[in-house]
Amino acid sequence: MDSIAAAESGHLGLPLGAAEMGAVLYGQSMNYNPDEPKWINRDRFVLSAGHGSMFLYSWLHLAGFDLSKDEVANFRQHHSMTPGHPEFPNSEHVTPGIEATTGPLGAGVSNCAGLAAASKMSAAIFNTDDHTIFDNHIFCIVGDGCLQEGVSAEAACFSAHEKLDNLIVLYDANDVTLDKMAEFTQSEDVGARYEAYGWDVITLLDGHDLKALYEATEEAKSNNNGKPTLIICKTEIGRGIDEVAGTNAAHGEAGVAYVDGARKALGLPEEKWFVSDDTYKFFADRKATLKAGYEAWEATYDAWKGANPDLAKTLQDGIDGVTPSVAELFAAIPESKGGDQATRVSGSEIINNIADAVPLYISGSADLHGSNKNYIKGGGDFGADFGKSYSGRNVYYGIREHAMGCILNGFAYYGLFRPSGATFLVFADYMRATVRIAALAELPVSYIWTHDSIGVGEDGPTHQPVETVTGLRAFPNLDVIRPADYEETAGAYVASIDKKDGPTALILSRQNLQEIVEVPASVRREGTLKGAYTLVEEKGDLECIIIATGSEVQHAYNAAKELGDGVRVVSMPCMERFDRQDAAYKESVLPAACRKRVAMEAGVTTMWYKYVGLDGKVIGVDRFGFSAPGDIVMEELGMTAKNCAAEVKAYMG
């Protein structure tokens, strides 16, 4: 109450209405060590209803994490450790005990499906008959907002189907949403819905009953029947502030006006941010008990490391985020044999080289492995049934792109794996909210988005992305790489492993592309890492620069052959990587003295003007496509070497 009142901003309802859940989770049921907040076998807790962030900050402080009372009091202030919504530790905020960035409703509980899957995978890979290293649980609190969002339904289906019985979700069922009482917008039986998915459901008519909450969480923890658990807790939102309790007014800060009266009614002293000595002692004793359990685990861990040195190295590399060097990764990928092929086909070969070099790299697809061609051969399939195993490196998400994005983030939050996931590029829009959080939280997730342009052809404009790549390039901290052929695809995959502080999008073609064998593979690969490079050097005085990306590089390359000695061709697979290069390198590729510039991409033209200038020209597609064979669509919309040459000649006058 005091932090929200001081900030004059925040959400009082959940922290007060769900207080008993926090008491049970942090005071009794969860296994963690505040002094080692990144302990690999800790239970994870995610506050999916992230607007109630003061709930989490309060309990982290009480439980003994390195979060001082001053920081709790500094809620929602600049440079504080207690931002408006929980943020996974990154370069902006480092708040111990935060397991996921939550804010968009439904995302946090969907991240938990990934955390639970990662926990199952860790146990399957690293536990032995003699030593159990991983046996943790994933806890989450959700509200009606999270369960109304469709992404949570997708994740719930995935969790049940893959038998993630280490996932425990507490539903703060207070019958309230922000605008109205919940009955105004929902009438379904949530418990029956989750039972139909395949979850165990426990209903507590009094979600403030500490004993009942404890018994329910312990029952869920002991569950090994293959079913995740939903505990429905009937609660009163804003409990303790009688003027707003139980109403939608309690959701935000409307109750702040009554905080002083509530403090008195609750029997609290006038001192702000008061915590009793008994409360601190309780959690100090709890911390000591947890530390003893941690030390017992450490002894087991040390014995396991001695008995399994190779596994121990793999695990430690995962913990530390260690991957092979760029040079080692390139050495693991054979050079092109020549011949035209789609970059998705190139990717099907290269992803297996990457998987061999990076043992904790995993892949997955939203029911499109056969089209995305991102299957790790010999890696096995993740899951519980149908010949699958929890050690499998290929995750089948079903037709659930929304959930796949969240689950990929969950794998990354877990802290061991390098997850990648695939679908058609045009469906990346289903994943935008989760891609944004991956970029914000600096998660090293890789997206493999194929069927990248109007070249998709007969499926028509619904499946031909023209604006999608530009929309993705607008995200801060997302590298969007659209390679032109096999060698650039090799560079793109290596770049995705090399980037440890944010996600990478690999944009791959359905149609065959020309392999530009005249330029050395090393130049192509290293140039991709730098985002752009000179593919064709002018043979005389520089008169014009053609910049192209992806499937249009071949056209710029071939057009240059008839445009004369003064033309330079620059391949730019990744704007973001190029923009991070130093001024000298950028000048070497795009010298400022040359103002005659043409860019070419089978997509909307807007973003290219940052490189060609207002007096430059962009050959692009500022309209939706149409249904026809891909080569016809490309030709009709000007994506050919012939049209590139004609447009450059006309521009040069």
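**Salt bridges and a helix crossing**

In this predicted model, a salt bridge joins the side chains of Arg 524 and Asp 485 (2.5 Å, N to O).

Visitor: Why is the contact of Arg 524 with Asp 485 called a salt bridge?

Guide: The term requires a side-chain nitrogen of Lys or Arg within 4 Å of a carboxyl oxygen of Asp or Glu. The N to O value for Arg 524 and Asp 485 is 2.5 Å, so the pair meets the rule.

Visitor: What parts does this pair tie together?

Guide: Arg 524 lies in helix α21 (residues 521-529), while Asp 485 lies in the loop between β10 (479-481) and α20 (486-498); the pair therefore ties together parts 39 residues apart in sequence.

Visitor: Why is Arg 524 called buried?

Guide: Buried means under 20% relative accessible area. Arg 524 has 0% and therefore counts as buried. Asp 485, with 1%, is buried as well.

Visitor: What makes α4 roughly perpendicular to α12?

Guide: The axes of helix α4 (residues 53-63) and helix α12 (residues 277-307) come within 8 Å and cross at roughly 70°. Angles of 65 to 115 degrees count as roughly perpendicular, so α4 is described in that way relative to α12. By class, their contact has five nonpolar, two polar and one charged residues.

Note on methods:
Residues numbered from 1 in each chain as written. Predicted model: local features only at pLDDT ≥ 70, side-chain atom pairs only at ≥ 80, totals over all residues. Heavy atoms only, no water. Axes fitted to C-alpha atoms, helices over the stretch in contact; angles between N-to-C directions. Helix = DSSP H or I, 4+ residues; strand = E, 2+ residues; numbered from the N terminus. Parallel < 35°, antiparallel > 145°, perpendicular 65-115°, else oblique. Nonpolar A, V, L, I, M, F, W, Y, C, P; charged D, E, K, R; others polar. Buried < 20%, exposed > 50% of the residue type's maximum accessible area, 1.4 Å probe, protein only.
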